[in-house]
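Here is a briefing on the structure shown below.

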Amino acid sequence: MTNLAHPGFVDPVHDAQAGFRAVLEAMARPGCVHVVAGPPEPPPPLDRATACVLLTLVDIDTPLWLDDAAEAARPWGTFHTGAPAAVLGHAAFALALSPIKLATLDAGTDEGPEDSATLILQVAALGTGRLLRLEGPGLAAPTTLAVDGLAPDFVAQWAANHARYPRGIDLILCAGDRLAALPRTVSIKEG
Amino acid sequence: MPTLLPSSPQSARQRWMATLARASADELTARAEGLLPTYTRLRGPELGLVMLQGRAGGTGQPFNLGEATVSRCTIRTEAGLLGHAYCLGRDLRRAELAAALDAALQDPAAHDAVQRAVIAPLAATQAEAAATTARRAAATQVQFFTMATMRS
């Protein structure tokens with residue numbers, strides 16, 4: 001059975017709306033972990049939240065880059081979203097199952113910061129693991145987010161990303177059926 | 001409507017998919033009784049629009065004529081066979097039945113039974129309807145050659 005043969009959303013309109021709301025809330029309150037329903041049978045090696053974000057955000061107008069491990073889900077992604085393949089520097093969305101260098105993604109321009117890429121990173125776990133201390137818009141007081149599976153130098157990479165504001169990439173972390181987001185406006189220190 | 005497709009490995013499937021796409025939901029329900037496999041919906045059934053292209057004369061440039069509503073469905077049987085269907089119109093049930101029958105026809109064990117009970121009778125009905133339309137149209141055809149000879 002090819003990887004194409006996995007279903008998408010059961011109810012495309014409402015499931016996508018629920019997925020979008022979760023991503024929106026996660027972006028508005030960085031570090032807050034949300035549980036999503038997602039497709040019932042995500043294609044391996046994708047987790048349910050990763051598949052949900054992909055089906056929600058990606059479509060025919062958003063070039064999609066997948067890392068080598070995620071490439072197995074390419075037929076499924078193309079079938080359900082129609083997203084064209086792109087090289088990393090030109091992709092609107094990048095999906096990775098292991099950490100990649102944030103600087104390799106398209107960060108947009110000062111005139112068009114909205115053209116930047118969004119990285120969907122599937123990590124080992126959210127809520128346990130390495131503690132990150134978050135501060136910035138959307139947070140009344142500094143908060144913490146525990147993530148297992150980030151690059152060892154993630155905080156330094158993020159500092160460089162944050163310093164490029166208004167340019168920069170946004171990050172959506174997915175694990176199992178949980179997701180959290182780190183928009184470019186948030187500043188991160190080791191917790 | 002009698003489509004002449006080149007004989008390739010896909011041509012048999014193209015023929016039965018074309019027959020299924022032209023059949024109504026009632027026809028499919030009546031004939032597919034007991035022949036449908038157990039399946040999971042992968043995509044749809046859902047509606048969309050396709051752009052129809054027209055061409056004025058044999059040598060004219062293609063132009064966009066307008067959009068048509070299309071229903072489509074993709075299913076997977078328990079054996080892992082994929083069935084696809086695209087049908088004109090808004091009948092979602094029809095697209096789903098056609099996709100399920102497309103998958104059944106790819107199963108060597110079920111192919112002959114479905115071909116006999118569903119495809120053959122539907123193809124015969126459709127060919128007959130096409131022939132009737134062609135006959136009616138032929139009766140109104142003007143023979144320019146005859147007019148030219150009559151004038152002289």
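In this predicted model, helix α1(A) packs on α2(A) through A16(A), G19(A), F20(A) and V23(A). Their counterparts in α2(A) are C52(A), V53(A), L55(A), T56(A) and L57(A). The residues of this contact divide into seven nonpolar, two polar and no charged.

**Helix crossing in chain A**

- Helix α1 of chain A covers residues 12-28, and its axis comes within 9 Å of the axis of α2(A).
- The two axes cross at roughly 105°.
- Angles of 65 to 115 degrees count as roughly perpendicular, so α1(A) is roughly perpendicular to α2(A).

**Nonpolar cores**

- The largest nonpolar core has 56 residues.
- V53(A), F93(A), A94(A), I120(A), L173(A) and L179(A) touch the most other members of this core.
- Helix α2 of chain A (residues 48-57) supplies the largest share of the core, with seven residues.
- Leaving out residues up to four places away in sequence, V53(A) touches G19(A), V23(A), I120(A), I172(A), C174(A) and L179(A).
- As general background, nonpolar side chains tend to be buried together in soluble globular proteins.

**Three-stranded sheet in chain A**

- Chain A has an open sheet of three strands in the order β6-β5-β9, with antiparallel pairing.
- Its edge strands are β6 (143-148) and β9 (187-190), and each pairs on one side only.
- From one strand to the next, the twist averages 50°.
- Strand β5(A) spans residues 125-135 and runs antiparallel to β9(A), joined to β9(A) by four bridges.
- E135(A) has S187(A) as its bridge partner in β9(A).

**A glycine in β5(A)**

- G127(A) lies in strand β5 of chain A.
- Is G127(A) buried or partly exposed? A residue is buried with 20 or more other C-beta atoms within 10 Å, and exposed with 12 or fewer. G127(A) has 13 within 10 Å, so G127(A) is partly exposed.
- Beyond neighbours within four places in sequence, G127(A) is in contact with V33(A) and A146(A).
- C32(A) is 95 residues from G127(A) in sequence, yet the two are 9.7 Å apart in space, C-alpha to C-alpha.

**Chain B: layout**

- Chain B contains five helices and three strands.
- Along the sequence, these elements follow the pattern α-α-β-β-β-α-α-α.
- Of the 152 residues in chain B, 24% are buried.
- Counting contacts in chain B between residues at least 6 apart in sequence, 56% join residues at least 24 apart.

**Chain B: hairpin**

- β1(B) and β2(B) form a hairpin, with six residues between the strands.
- In the turn, G57(B) has a positive phi of about 75°.
- The strands run antiparallel, and 14 bridges join β1(B) to β2(B), which covers residues 62-77.
- In β2(B), I75(B) is the bridge partner of R41(B).

**Contact between the chains**

- Eight residues of chain B and six residues of chain A take part in the contact.
- On the chain B side, strand β1 (residues 39-55) gives the most, with five residues.
- That side of chain B divides into two nonpolar, two polar and four charged residues.

Terms used: Residues are numbered from 1 along each chain as its sequence is written. Chains are lettered from A and ligands numbered from 1 in the order in which they are written. This is a predicted model: local features need pLDDT of at least 70, side-chain atom pairs count only at pLDDT 80 or more; totals for chains, interfaces and linings use all residues. Helices (H or I, at least four residues) and strands (E, at least two) are DSSP runs, numbered from the N terminus. Two residues are in contact if their C-beta atoms, placed from the backbone, lie within 7 Å. A nonpolar core is a set of buried Ala, Val, Leu, Ile, Met, Phe, Trp, Tyr and Cys residues joined through C-beta atoms within 7 Å. Two strands pair if DSSP finds at least two bridges between them. Axes are lines fitted to C-alpha atoms, for helices over the stretch in contact, and angles run from 0 to 180 degrees between N-to-C directions. Ala, Val, Leu, Ile, Met, Phe, Trp, Tyr, Cys and Pro count as nonpolar, Asp, Glu, Lys and Arg as charged, and the others, Gly among them, as polar. Angles under 35 degrees count as roughly parallel, over 145 as roughly antiparallel, 65 to 115 as roughly perpendicular and the rest as oblique.
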